[in-house]
Amino acid sequence: MAQFKQWALEYVLADDEPVQLELTKKAAKEIENSRASSTVVGNWAASVHQWMTLTNSNDDDQMEDGDEAGRGDIISRAKALGFLAGTLEALDKTILRPDQVQRLIGFFGAMFSYDHKAGITASAKALRQLYSMKNFKPEMGIKILEDVCKLKEDFRLQTAVTRLEIYELFLSLVEDPAVSSELQHKYGSACGFALDLLQLCSSERDPRNLMIWFKIIRRLLTEFSPSPEVTEEIFKAFSAYFPISLRSSATPIGITAEDLKEAVRNCFSSHQRVAPFAFPFLMQKLDQGDAVTVAVKVDILKTIKACIEKYENPQASVVPYIEKIWGSLKYEVRNGEVKETINATLEVLRAIARKLDGTKTHKHDVALIKNYIDTVFGDCKDDLSNPTYTKQAGLLLMTVITASIRGYVLYNASFIDIIRQNLRQPKSPTHTRDLLLLVNSILKTRIELVKNRKDGHSDDEDQLRAETRTHLDTLFHDIYLPIWTGKASEPGSDENDVLKQVALGLGLLVSQQALDAEGDVSLLCPGAICNEICTLLSVTLVKALTLSSNDNQSQDATLEDDVVLALRTIVMNYADGYGEILKGAKKEIRKRDWDGPSEYSLEALRVLLSRLVFIGCSEIPANIKLDTKPSVPYSPLQHYFWYLGTLVDLFPLSPQPVTANSYILSSLHASVIWFRDACEAKYGASALAQYSNSDKNWVKEFEQLPGGFLGQLGTGAILPDEGSLKEDDPEVYRQSLRLSLFVIRGLYKSATGEAPWSEQALVQLARTAAFVVQSLDEKLQVSCNLAQEAFSFFKTSEDQPCSSPLSGLLTVGILQGLYPGAMTELYRPEGVAEKFICDTSDLVSSPRASDIKAAVGAIYSNKYQAGPATSDEYQTLKRVLEFWTNWVKDSVASSDIDSDSFRSFTNVAMHTIAGAVARQEKLVLDLIPILHEAAVSANPNGEIVARSMGTLVQPNSEVLTKESHANIKRFYKQWAYNFLVRPLYALARPGSGKNPQTTARYSVMILSVVKNCPFTVYQDDLESLLRLLVTALSNKKDNSILSEDAAQAQAIAALEILVEILANEPDALKSFLREIISGTTKVYQESAPSNKTSHKTLATCRKLSLQVLGALPKTFEERYLLSFSPPTQRMLALACGDPVRKVREAARSARANWAKVI
């Protein structure tokens, strides 16, 4: 006894929760050790007796008199009861006997009768712990409820935390099936305990407590059987909170207004016994007119919807109130303007239709849904003839008719018939458009119903199978065709809006599917009608080609776009339609003269080709049964075959090297991309990676095909092994690559580099080849021997060779897409690649030859797969790199080569070395000193080498990309900078002992490289770099050592680097502000338009100098810039009149910034 008293006293005196917790654990352990003997439990309970004795008649008098001793007694008594509650929480839940649990319930329950100011929280907590005891009996729960309800009016005086403890106790009890059963047995439908709870909790306002109180109410309605009178009282208790809101609070409570709304909503929808009270109450709230805000109205509508969806026995709980609900809600749509309320209203009406239809397992009497739809139909059908209400009435009818398959089957024919009647005498084009929109909505919804037919009741599919479809079969000739024919010749925005709906509707009509007696799916429209629709819409597709530029100015491009989307939808379902579209388009294209077409005709051709490829190649066609035999057996590649065949058939459009020919090859590139994206969308990116390989040599297989097979693709011919593909088989992607490579091979074989093969056409073919080749797995690239084919162009001795200097473009196309492992054989000694790269004889034959060879060299040096230094492959690469490095060294001082030729050769050398730099090839380190030496040569060609050094850290970004499997190290620029630039800073400094020309060349090399590097690469050398930047700006035009072009390029590089430094570490510029401001000002003034330097270069120089100047006031405090402000502002005022717009914009921005420096 003494031990428990001591622990209780220590608990009361302690303020530290860990200390209190430890004391309760000790007490619990003592009880457990005694196996809960009556003596020990009694001593434990009696240990708080000294705080239970009241010192006055009641504590209220003490508090009213302001007696601090009384307040202390209250606090101590609460803590003493907390000691008992904490002990129960720590106690083994199986240790107490039933009689002990009952006595303790009586003890703590008594606290609610006479001790309203002390220990209510602890007592509630103790009762919750006793409820969790193993020997707790259901009848004890009744005792707890009765005792706690004795708080009555004093309940609302308790703190929110205390009330929360009591609510959680109540919730535990009513959620206990055994306690609930005992309560139901004792109180029956009178539910006296529920009325006591309502009286006790009716004034609750705390959000956390309300969340639990609403759960209790919902439990009372769902798990008990209250009489109608009691149900009404319960309804009054929670409906008093509707609509509920939440005041903003500085202290987050983790409960939102939406949480509270949902909790109240769950009370409304808890049980159908609430329906007689809920629906009248909610409708009365809704009919208050303008007094109801949008948010409240949406809340009401969501609550009505929840009630409809969750109430059982709809004939008794929903049907009696439908007329009233419909009478109010129809005006929310008919006259409504707020989208949120309209949508919420439609959701309610849809919920009613679905409720009356039934569930997945049970269908209600059909009369229920028929009576409902008849009501809506009767009120809305006349509005369809009134343009003001057509859209709203149609929306209401659509909502209830299409909510279920049964409703759709029963009423869609009648709905379409009424629309058909109104379309015969429309009041305006807008009226026609709205009526068509309704027809299209029906068709669109029907597609979804057919698609999801197996998700509902088993009868749904049977009803769709037995559906009458005559009214759908006649839609084209009765509605769409007459309107299209009548409106197509009437230009105007309203007519075009109508035509757009017709186009959309035709796409939806062809997409309709019918179910036969066996449940198989076929197209609803006959093939003849589908074909007629394709022909009709194709006229719009090719119209631009048939009109002049003046005639076509009135055409609405958005209508053409909608027609394209409609045709895409059509051919995805009616696969044969694409062939008809291509035939018509090809016929129109061939009618034109492409030898000297106008810009308008070329643009029309480009747009037509882009639309054709989108229609047929952006999605894989579905395999749907037709009423007639298709023109060719189904294949997922069918459209892709046809389109590629059409392009092959069209090329060349002219025997001359015209732009139109390149458009054909550009469209080939687009088709490959579109079809790849379609495969990725259908099969997933992982499937594309898995199906990009093969153990076969496709090129060898192609050689076995008949000579004219390529030209037969457009007539339905397919490659072997591609005729048995299924729509859902990812093998489709692999076969599409095979087909693409076949077409690429055929075009490569026919390419001659002469007419009609212009450079533009070769570039497009090369890009297409690069995309196809990079999509192939490395193993497949090797098996097809594509590395060698890059130089032979798939040609045999019988084919005409491609002797054009531009043929290297085709080489670049294939090499660009190869994996490094697929190029191994190209590094064999004296191989075709080495000979090609090191052959200098063709570089002077074409201005583009240098760029082509440079691209090949970059790929070659970059995609070398690392091997031992003694290997033949490594030695070959070494020879190539040394060849070009030594060529630069030997030729830089030669007088036998002009500067333009030297620049072309240097371009090849630098790009070839740059490819190796990108993968940090150590062999390059031996070449760098040689390049440095060449750059400082006294010959003017040395300046070309110095300016080209930046190429080494900026390899050809078109051909060396991660997508094309280039080997680009993450930190290669840092690596190259350390060897290329860092050793040169001391040599580039003026007065370093070198002659001025040498130091200037070193400076050119440094800036050429640095401008192509990120800031982090050179930030450690800022001080040395800034001195060079200042020198480059100040000596721009006065520098007789460098050519004007070199000085201009150096100034641009310096300005670009300054912009980068300003963005990353502006403080480094503080010591150089005077020099930077004077230098940039000088650069601007000396960059006036000149006949010697291109206007674009000079404009770039002026714009960059103004950007640097404009950034200074935003970066530095005024005290650093004040002395420079007047002359700078005068210069900027003049710059605002610059003849180049972008320069003027930079000047205005800089002037605004400097205006603040005063």
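Mentor: Let us begin with a group of phenylalanines: Phe-235, Phe-238, Phe-242, Phe-268, Phe-277 and Phe-281 are linked by ring pairs into a cluster. Please bear in mind that the model is a predicted one. Across the whole structure, a search finds 37 aromatic pairs. One of them is formed by Phe-377 and Tyr-411, whose ring centres lie 6.0 Å apart with the planes at 35°, so this pair is tilted. Phe-377 belongs to helix α21 (residues 366–380), while Tyr-411 belongs to helix α23 (residues 405–424); the pair therefore ties together parts that are 34 residues apart in sequence. As for accessibility, Phe-377 has a relative value of 10% and so counts as buried. Tyr-411, at 8% relative accessibility, is likewise counted as buried, because the cut-off for that term is under 20%.

Aromatic rings also take part in arrangements with charged residues. The charged end of Arg-334 is placed over the ring of Tyr-389, at 3.7 Å from the ring's centre. Lys-853, in turn, lies over the face of Phe-836, and here the distance to the ring centre is 4.1 Å.

The side chains of Asp-434 and Arg-433 are joined by a polar contact of 3.1 Å. Apart from neighbours within four places in sequence, Asp-434 is in contact with Pro-387, Thr-390 and Lys-391.

Technical notes: Residues are numbered from 1 along each chain as its sequence is written. This is a predicted model: local features need pLDDT of at least 70, side-chain atom pairs count only at pLDDT 80 or more; totals for chains, interfaces and linings use all residues. Side-chain values use heavy atoms; hydrogens and water are left out. A polar contact is a pair of N or O atoms within 3.5 Å; within protein, one must be able to donate a hydrogen and the other to accept it, and residues adjacent in sequence count only if both atoms are side-chain atoms. Contact means heavy atoms within 4.5 Å. Rings of Phe, Tyr and Trp (its six-membered ring) pair if their centres lie within 6.5 Å; planes under 30 degrees apart count as stacked, over 60 as edge-to-face and the rest as tilted. Helices (H or I, at least four residues) and strands (E, at least two) are DSSP runs, numbered from the N terminus. Buried means under 20% relative accessible area, exposed over 50%, partly exposed in between (1.4 Å probe, protein chains only). A charge sits over a ring if NZ of Lys or CZ of Arg is within 6 Å of the ring centre and within 35 degrees of the ring normal.
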